[in-house]
Amino acid sequence: MNPSISYRPLQGKTFSLFADDQHTKKYYLTISRLADQYIALHGLDPLLEVIGKRSVSKRRLRYDLDSKRPGDFQKILQHLHQELSVYTRNAPDHLKRLPRFQQWNRRLGTSVQQYLLFMMEIELTNRKYKTQFLETGHRIALLPYCLRDHEADCMAENNAIGEVCRHCSKKCFIQHASIIFRKYNINAYVRMRSDLKKSLRSIRIEGKTLGVFGIGCIPELVRGMRTCRKMPVPVMGMPLNANRCHSWMGKMHETSIDLENLEELLSADHRL
Ligand code: SF4
């Protein structure tokens, strides 16, 4: 790991890929092992489709989790709960305290069961699109502003797609991620919230296929990946290690990503 950045364990408002560890390696090994198991049993495309459909209804998912006579989907959900709920330990408390009018907010009100399915959906989407993504002619990465070094006087420059890092801080995760993306011919942009579909339509270059790599908190990332899949645009993505921006915490706190895992995701030699 690059010694210039602090890679300390962080707790998010609802999720943390560190859980009780000093790093996030265990999370990525676990999600990869589970995906191997489920794909062998059910196939990648049917699994992705069923997770996309069934993750919509929070109420039904609660029922599925407690099912005494589980079918295939309920078994997967119950198994995900055993294996991954350690990474969403703060979610129940957050949901209990969430004001009633925000309970159905698609991001803030994400249930534990939805987080578990979303984690698997991100992994399956990466597996489905990796080859296509790496073959696209015009690749971009969209990074969230909460990943930047909050102590630096950010020098990023605006362009039509988002802000481009000017590498002013060695401690900044955006600067390290941008260097990795550049190695793989991917242009990285820090993106403020805007209509993703509209932005992607406007940046398509004639004669070149577009590929998108997203980084974000789990609910936002899944939403963006679904938008890309529908367009259709080959998409990959990686979650933040913990959700700690002001919309979750009330004020901005530092967060991080697993830079080693980012390299592995993008490396053509690394099998997902
Ligand atoms: S390294 Fe880049 S993203 Fe980070 S603070 Fe500096 S210009 Fe902004």
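The space taken by the ligand is the largest cavity of the predicted model, a cavity being a set of points, on a 1 Å grid over the protein atoms alone, where a 1.4 Å probe fits but cannot get out; a molecule sits in a cavity if more than half of its atoms lie within 2 Å of its grid points. The model is predicted, and local features need pLDDT of at least 70, side-chain atom pairs count only at pLDDT 80 or more, and totals for chains, interfaces and linings use all residues. Residues are numbered from 1 along each chain as its sequence is written, and side-chain values use heavy atoms, with hydrogens and water left out.

The axes of helix H4 (residues 72–84) and H6 come within 10 Å and cross at roughly 95 degrees, which makes H4 roughly perpendicular to H6, a term for angles of 65 to 115 degrees. Axes are lines fitted to C-alpha atoms, for helices over the stretch in contact, and angles run from 0 to 180 degrees between N-to-C directions. Phe73, Leu77, Leu80, His81 and Leu84 of H4 make the contact with Val112, Gln113, Leu116, Leu117, Met119 and Met120 of H6, contact meaning heavy atoms within 4.5 Å; nine of these residues are nonpolar, two are polar and none is charged.

Helix H3 (residues 58–65) packs on H6 at an angle of about 85 degrees, with the axes 9 Å apart, and is therefore roughly perpendicular to H6. Here Lys58, Leu61, Arg62 and Leu65 of H3 meet Gln113, Gln114 and Leu117 of H6, giving three nonpolar, two polar and two charged residues. For H6 and helix H11 (residues 259–266), the packing angle is about 65 degrees and the axes are 10 Å apart, so that these helices are also roughly perpendicular to each other. Asn126, Lys130, Phe133 and Leu134 in H6 meet Glu264, Leu265 and Leu266 in H11, a contact with four nonpolar, one polar and two charged residues.

The peptide bond from Met231 to Pro232 is cis, with omega near -5 degrees, and Pro232 lies in the loop between helix H9 (218–230) and strand S6 (235–239). Ala19, although not a glycine, has a positive phi of about 50 degrees and lies in the segment before helix H1 (25–42).

Methods
Helix = DSSP H or I, 4+ residues; strand = E, 2+ residues; numbered from the N terminus. Parallel < 35°, antiparallel > 145°, perpendicular 65-115°, else oblique. Nonpolar A, V, L, I, M, F, W, Y, C, P; charged D, E, K, R; others polar. 1 Å grid on protein atoms, 1.4 Å probe; cavity = no way out; pocket = protein on both sides within 12 Å on 5 of 7 lines; lining within 4 Å.
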